[in-house]
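Student: I would like to learn how to read salt bridges in a protein model. Please take me through some cases.

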Amino acid sequence: MRGGEAIIESLKNMGVKTIFGYPGGQTIPFYDMLYDADIDHILVRHEQAAAHAADGYARASGRVGVCLATSGPGATNLVTGIGTAYMDSSPIVAITGQVPSHLIGNDAFQEADIIGITMPIVKHSFQPKDPDLIPSMIKSSFELAISGRPGPILIDVPKEVQEGELTEFSDDLITTPGYNPTLKGNLRQIKKASNLIKEAKKPIILAGAGVIISNACCELQKLAETINAPVMTSLLGKGAIDETTDLSLGMLGMHGRKVSNDTINESDLLIAVGIRFSDRTTGRLDSFVPDTKIIHIDIDPAEIGKNVDVDLPIVGDAKNILKSLNKTLNGYKYSDEVKSWTNNLIKAKKELLPRVSYNNVPLKPQRVIKEISEVLNADAILTTDVGQNQMWAAHFYDTQKPRKFISSGGLGTMGFGFPAAIGAKVACPEDVVVSINGDGGFLMVCQELATVHDYDLPVIAIVLENRTLGMVYQWQSLLYNERHSQTKFKDSPDFVKLAESFGINAERITKPGETRDALSKAIKDNEAIVLDIVIDPEEALPMLPPGAGINEMIGEYKLEKDVI
């Protein structure tokens, strides 16, 4: 067995059925061996799309996604995707080819120190110098990627190692000194948390992506119902609780729901689970829950106290800790004060529902998201790009199940949404997959329409066309006296013709009701399609300006109850 064959066999042993990649000079040996292998490979049209597709695969399935690129520019094209996965704790394994070992450090053709380049944005890196090391490195990479706080692993394989013969196939795990994530929470801390909950009169739960990653949504729901606490989420926490239920108040933060932003500072106990208190969630830190006790549950001890001082830290896996916490609360009956607090917030939620009913032309994005919501069922997967399109989807679309809303949170990567949808569709072929994009982000990755066509992947790509870089344009309007510097497209391609040139059907939408009809037909026909939806370029979403407190939103927050 040669090194490349060992990579393939090891991936199969880890349950991998599909990898996303793009060949090049230093991966030719591997691709030659892949020719006869019974493992699927999806040829993307840009290496960054391979990383995003692997990421989308991982987020939709909970399994490790795998991407592959050659050395030098191929490897560096993965960097943004690796960084995206790192910031959002997504488990991917990125395999890169490398120049032969004797040339490393000599500035050889297409040589790049990809291990050095990616050091800050991976959990761990490997570079086998002997083919015998490959099976152990692959197995260890998967273990590291998925365990503890998940994240990306890089394996950089020199060309001669791909071609070299193994003396034996041994996949014993490689020891990683110092890496021993805590999974079970401290029972004394859990007991203290139980006591704080019993003392609280105005509890709120804030759920992040860690709840979804640890498969703790049922435990979160049970806790919320047991203590009668409303639940807010971060952007990546969407789906941790069914957002159509009374206890869900929606997203908190820079573009959060008004009810969440206006009321969190009134709570006397905040139970934060699997969340890192990013600046986009908290607003200005000195005005974020200043008089509230905080319980922070997270598997990564580095996140506890990093941004927000907490009263009670509990390090460990969210599922394990919530199970134990629910057990200690067995028989607990919440007080009348808690009941009144929660009832008032549920009432406020209904009073402050954002407006989505519009009949305007050009279309309002709120109306577009409303029609998408009316068509998609709870099992549909919605991916977004980054910018206004992302926040309109996050704000107005109610996610009912975990792993059904996929977006780039920490790095905020334009171009993420469409290739992530490709990965999600490969992971979950029975689920409807819809990608919402702005015209700017879609133009960064529109070449992946060729991938969708070649592999007959019925991904529905929605382009919200306003001919601007919408989020930056909005900031310039609100904060920079409408000085729109380099955010208006002088011209845009005809997205319908663009899609058709790749062999993909497309439709332009300009009127209310057309989104619903076109999306319904696309789902029924089970085909790939681009829906080019022309929207009002001046429509903006209320936001927290930089340096503002969590309840200091600017911009008009229009309410559904005010629709005449």
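**Reading salt bridges**

Tutor: Buried means under 20% relative accessible area, exposed over 50%, and partly exposed in between (1.4 Å probe, protein chains only). This is a predicted model, where local features need pLDDT of at least 70, side-chain atom pairs count only at pLDDT 80 or more, and totals for chains, interfaces and linings use all residues. Residues are numbered from 1 along each chain as its sequence is written, and side-chain values use heavy atoms, with hydrogens and water left out.

Student: Which residue forms a salt bridge with arginine 467?

Tutor: A salt bridge is a side-chain nitrogen of Lys or Arg within 4 Å of a carboxyl oxygen of Asp or Glu. Here the partner is aspartate 491, with the closest N and O atoms 3.2 Å apart. Aspartate 491 counts as exposed, at 59% relative accessibility.

Student: How many salt bridges does a search of the whole structure find?

Tutor: The search finds 28. One of them joins the side chains of aspartate 88 and arginine 59 (3.0 Å, N to O).

Student: Are aspartate 88 and arginine 59 buried or exposed?

Tutor: Both are buried.

Student: What about glutamate 303 and lysine 306?

Tutor: Their side chains also meet in a salt bridge, at 3.1 Å, N to O. Glutamate 303 is buried, with a relative accessible area of 6%, whereas lysine 306 is partly exposed at 47%.
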